[in-house]
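Where does this structure leave space among its atoms, and which elements surround that space?

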Amino acid sequence: MATSTHRRGPSGPVTDSTSRSGGPLRRAVAGFGLPGPHREQHVLTLDQLSSVRLPIGDDGVVVGQDGSGGPAVLSLFRPRPYDVVLVGGIWTAQLIALRAAATGARVAVETGRGQAWGPVAQAAGGGQPCMTVHPIGRLGPQGATVAGPVLVVRDAGPRPGRSRLSAAPWQAMLTLMPYLAEGADRLLGSADLVGVQRVAPQEAELIARVLQLPAAEAAALPNLGDGVTLWTNRRTRSFVQGGPTPSEAQVLGQARRMD
């Protein structure tokens, strides 16, 4: 069994079909791939074939490591509306936005802190408009599709008002709340997924009551470290340690809870 050599383009593997001189390449010889630099053959015998393993798991946005050291993945883009509430700091919201953009999704941010999001949007696209920043109340329809999913980030303070947009098929809504205020229990109770970072003991009590958290997990919330988030829905819960890659750290700095 042989594999040919490919280069990776913006949307996946791309097979070279022309030579450096611009002319067509000669047909590849079976078992040797396309003509090019000398390299070892990628050939497996039938006995070796059974040892090949392809890591297949949940698809989505990797937000950190779970308790066992494996990747923690948020499957944000679905064929139905998906609402996420994050009680935490802007750093984590920006990390999720950057990584969502890296998967090919468009990100639209509705915020009163444009100066905090502008550099992130500029870094996300590498010159391409994959992340846009809008004043509160000025965000229009995004036209999300299965081929063009959208993450809408609402950074509108602890009392986010009604938005012109809502979650829709292939359009996830992430509402960032730096701390809990009046009406927070309604938002928490209606969300499909809730992320909780370090909060005050009184906030932890409210969150535990609304989300029906076990006592041990509720007691841990006021003492979480920077970058640690409890992600929970109606079925599962997981503490996740988030941290930046070197390139992300150049844009965001190190993980922090307070803005």
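Helix H2 contributes the most to the lining of the largest cavity, with 4 residues; helices (H or I, at least four residues) and strands (E, at least two) are DSSP runs, numbered from the N terminus. This is a predicted model, in which local features need pLDDT of at least 70, side-chain atom pairs count only at pLDDT 80 or more, and totals for chains, interfaces and linings use all residues. Residues are numbered from 1 along each chain as its sequence is written, and side-chain values use heavy atoms, with hydrogens and water left out.

On a 1 Å grid over the protein atoms alone, a cavity is a set of points where a 1.4 Å probe fits but cannot get out, a pocket is an open set with protein on both sides within 12 Å along at least five of seven lines, and lining residues have an atom within 4 Å of a point. The largest cavity has a volume of about 60 Å³, a volume being the space filled by probe spheres set on the points, which are joined across faces, edges and corners. Its lining includes Trp91, Leu95, Thr229 and Trp231. Two or more lining residues come from each of H2 (90-102) and S11.

The largest pocket, by contrast an open set, has a volume of about 480 Å³. Of its 22 lining residues, Val73, Leu74, Leu193, Asn233 and Thr236 are the closest to the centre. Strands S4 (71-74), S11 (228-232) and S12 (237-241) each give two or more residues to this lining, and S4 gives the most, with 4.
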